[in-house]
Amino acid sequence: MRTRVAIIGSGPAGLLLAQLLDRAGIDSVLVERQSAAHVQSRIRAGILEAGTVELLRRAGVGERLDREAIEHRGIYLQWPGERRHLDFTELAGRAVYVYGQTEVTKDLLAAREKAGQAAFYEASEVALHDVATERPYVTFRDADGAARRIDADAVVGCDGYHGPSKQAIPAHLRQTWERAYPHAWLGVLADVAPSTDELVYAWHPDGFALHSLRSEHVSRLYLQVDPAERIEDWSDDRIWEALATRLGLDGWTLSTGRITEKSVLPMRSFVTAPMRYGRLFLAGDAAHIVPPTGAKGLNLAVADVAVLARALTTLLRDGSAELADAYSDTALQRVWRCTHFSWWMTSMLHRHGDDFDAQLQLAQLRRVANSPAAARELAENYAGLPIPGGLDG
Ligand SMILES: Cc1cc2nc3c(=O)[nH]c(=O)nc-3n(C[C@H](O)[C@H](O)[C@H](O)COP(=O)(O)OP(=O)(O)OC[C@H]3O[C@@H](n4cnc5c(N)ncnc54)[C@H](O)[C@@H]3O)c2cc1C
């Protein structure tokens, strides 16, 4: 089988890239390890930057999003006795949108089906070959176990942190940076209307807590826990009790409901470079992971893809290599900015160290809440920095 672009992984990065390429008249084939049903049911991110929303609209998948996404003007920062609002639209001129990754994925999968382009789900033994040449190819076994080979002009690794693509870059050319944090998030999804109008990021002596949501009827809540914590040790009652304590504020009550999903998510920062080697390009979690505190993971994957779609279009349609040559450096600058922001939010809000560290965190939180300059710095980063080259493909 032959195509212009072979895309490994059909998470948000792979699906959006396929969609943008299709609209530019470039055909692609998606190769995904999981089933389509599994891909669209994974509960993960839920906050979209304004730039992400605009890009999804321009990719032709904004219709349901425009109907169902909930606009949030900002967030609350909380510490014992104080809950302070940061208004992003006032501070940075843009809002964020609550729309689950599951919904983004569903919209993109539907668009892919409509476009009639090939996709292989439940693929195994996926391997990349000759990526340093202009004739790279991908081999795998399809869902029926049959051996397959896809020849392409370019291969894009959108296969997340555990995928094989980055290993296809020779080890001596690859550099990685990694930070494992001494805490994890215990996340729950609950059938209960959110207890606040906007997200609450709460510092507490017992550990961080976040009140978020997925819709007007579904809340998403997180607790800082030890990475070694076993989910079996957290009964629903224990979770609600810890959330009520850490998010507690005089005159405010946390509504509780049926917990429908719970899991422990370890937190790490990870960056690998370069994001391009010959005709292999990496995008999204395949090249970088951020802790979820800044709500950046999905948005960063989308920003990579916006830059990459333009680079591949000019390379494969117009024969100009300039943007493709610049892709890794261009994407990595934004990746490091978001890596810093995610690390900073994580460090400010999660309990670690001793009482001295706690006082530093509280001083920082008060500074952000009281200084328009400090608040603007958080708001600009959280609401999303510009995508290099803009949004037009
Ligand atoms: C458990 C979890 C919870 C998260 N929660 C949040 C959150 O609360 N807030 C937030 O902002 N971000 C969160 N994130 C981050 C966010 O979901 C990711 O940044 C986002 O999914 C990145 O999209 P992606 O397409 O690059 O990677 P992914 O969504 O990981 O997609 C990669 C795809 O590649 C496929 N793949 C892997 N190996 C192979 C292979 N060998 N062959 C073929 N296909 C393969 C995978 O099955 C997957 O479909 C979370 C991530 C995880 C893992």
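To begin, which residue has a polar backbone atom 2.9 Å from an oxygen atom of the ligand?

Modeller: The model is a predicted one. The residue in question is Ala-13, whose polar backbone atom lies 2.9 Å from an oxygen atom of the ligand. The protein covers 86% of the 990 Å² of accessible area that the ligand has on its own.

In Tyr-222, an N or O atom of the side chain is 2.9 Å from a ligand oxygen atom. For Asp-285, the corresponding distance between a side-chain N or O atom and an oxygen atom of the ligand is 2.8 Å. Both Tyr-222 and Asp-285 are among the residues that come nearest to the ligand, and Glu-32, Arg-42 and Gln-101 complete that group.

The shell as a whole may now be described. There are 29 residues around the ligand, and they divide into 14 nonpolar, eight polar and seven charged. Two helices, H1 (12-23) and H8 (297-316), each supply at least two residues of this shell. Helix H8 gives the most, with three residues.

A further residue may be described separately. His-183 lies in strand E13, which spans residues 175-191. His-183 counts as buried because its relative accessibility is 4%, where buried means under 20%. Leaving aside residues up to four places away in sequence, His-183 touches Gln-224, Val-225, Pro-227, Met-267, Thr-346, His-350, Arg-351 and His-352.

Notes. Residues are numbered from 1 along each chain as its sequence is written. This is a predicted model: local features need pLDDT of at least 70, side-chain atom pairs count only at pLDDT 80 or more; totals for chains, interfaces and linings use all residues. Side-chain values use heavy atoms; hydrogens and water are left out. A residue is near a molecule or strand if one of its heavy atoms lies within 4 Å of it. A polar contact is a pair of N or O atoms within 3.5 Å; within protein, one must be able to donate a hydrogen and the other to accept it, and residues adjacent in sequence count only if both atoms are side-chain atoms. Accessible areas come from the Shrake-Rupley method with a 1.4 Å probe; for residues, only the protein chains shown count as cover. Helices (H or I, at least four residues) and strands (E, at least two) are DSSP runs, numbered from the N terminus. Ala, Val, Leu, Ile, Met, Phe, Trp, Tyr, Cys and Pro count as nonpolar, Asp, Glu, Lys and Arg as charged, and the others, Gly among them, as polar. Buried means under 20% relative accessible area, exposed over 50%, partly exposed in between (1.4 Å probe, protein chains only). Contact means heavy atoms within 4.5 Å.
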